Amino acid sequence: MRLVLLGPPGAGKGTQAARLVTRFGCVHISTGSTLREAIASDSPLGREVGGYVAAGKLVPDAIVLRIVVERLSRPGVEGRWLLDGFPRTVPQAEAFDELLTGRGEPLDAVLCLRASTEAVVERLGGRRTCARCGALYHVRLIPPRRDETCDRGGGGLLVRDDDRPEAVLRRLEVYEGETKPVVGYYGFPGRDLLRLVSSDGTPEEVGAEILAVLEGPGAKRP
Ligand code: AMP
């Protein structure tokens, strides 16, 4: 499977991506996680992008494209991947199309999660991320077994800087202005790539709906 996962911040992309990579055995490539790791390790890339991410702004296209090229070329990926959070602008989508044509790796589907503003605000407000392994939780919707502690390795759970209210507002504006046109780009008649799924349900309900559109009758087989 070669999938792109789109949707506003808080739509549940990270949660559904984790389920999909288990199901389809593909490699999860999250540009957001890669950028956060670079920032946490204070690498030259991290120092270059830290200000954009903390403010909820998009990192320049050329930088994210470099990350995607590097991640797709890693050993073990072998043309089976799920991209989460990329492309986020039409120029990124155009450059990605060219890249995939060059690599001979056509996309199987672009999955777009749709969520109401109320659901997004609630999800981001309660989101917690494991400082050690990046696992995602929500204080009410996906609570850890022990307060503020990751179920997997016992890491502490943190609120992401860009989940604070000012950055959330900026990220929602950026989604409307820059990323929604990408949904239109893939929905162009004749491309037959775009699959829209409402993400207002529980993670299990949304996961079941995603599998239905990817694997159900009429779904395009990879
Ligand atoms: P995410 O974890 O996907 O919500 O991404 C967190 C932040 O990383 C975003 O708010 C941006 O600052 C940055 N980022 C992630 N992916 C991209 C991308 N494709 N283009 C530009 N910036 C990105």
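A polar contact is a pair of N or O atoms within 3.5 Å; within protein, one must be able to donate a hydrogen and the other to accept it, and residues adjacent in sequence count only if both atoms are side-chain atoms. I note that this is a predicted model, in which local features need pLDDT of at least 70 and side-chain atom pairs count only at pLDDT 80 or more, while totals for chains, interfaces and linings use all residues. Residues are numbered from 1 along each chain as its sequence is written, and side-chain values use heavy atoms, with hydrogens and water left out.

**Entry 1: the ligand**

I began with contacts to the ligand. A polar side-chain atom of Arg-171 lies 3.4 Å from an oxygen atom of the ligand. For Gln-92, a polar side-chain atom is 3.0 Å from a ligand nitrogen atom. Val-59 uses its backbone: one of its N or O atoms there is 3.0 Å from a nitrogen atom of the ligand. I then looked up areas, which come from the Shrake-Rupley method with a 1.4 Å probe; for residues, only the protein chains shown count as cover. The ligand taken alone exposes 470 Å², and the protein buries 96% of that.

Next I listed the shell, where a residue is near a molecule or strand if one of its heavy atoms lies within 4 Å of it. There are 16 residues around the ligand, and Thr-31, Arg-36, Lys-57, Gly-85 and Gln-92 come nearest. I sorted the shell into 6 nonpolar, 4 polar and 6 charged residues. In this sorting Ala, Val, Leu, Ile, Met, Phe, Trp, Tyr, Cys and Pro are nonpolar, Asp, Glu, Lys and Arg are charged, and the others, Gly among them, are polar. Helix 2 (residues 31-40) gives the most to the shell, with 4 residues. Helices (H or I, at least four residues) and strands (E, at least two) are DSSP runs, numbered from the N terminus.

**Entry 2: helix 7**

I checked the length of helix 7 (residues 165-186). Its 22 residues, at 1.5 Å a residue, should span 32 Å, and its end C-alpha atoms are 30 Å apart, which agrees. The expected span is 1.5 Å times one less than the number of residues. Helix 7 bends by about 40° at Glu-176, the bend being the angle between axes fitted to the seven residues ending there and the seven starting there. I also looked for its buried residues (under 20% relative accessible area; exposed is over 50%, partly exposed in between; 1.4 Å probe, protein chains only). Among them are Arg-171, Tyr-175 and Tyr-186.

I found Asp-97 in helix 5 (residues 90-103). Asp-97 is buried, with a relative accessible area of 17%. Its side chain makes a polar contact of 3.2 Å with that of Arg-191.

Met-1 sits in the segment before strand 1 (2-6) and is buried at 16% relative accessible area.

**Entry 3: backbone angles**

Most residues other than glycine have a negative phi, and most peptide bonds are trans. I noted Asp-42, whose phi is near 55°. Asp-42 lies in the loop between helix 2 and helix 3 (44-55) and is partly exposed, at 46%. Asp-192 also has a positive phi, about 50°, and is in the loop between helix 7 and strand 8 (194-198). Phe-86 and Pro-87 are joined by a cis peptide bond with omega about -5°.
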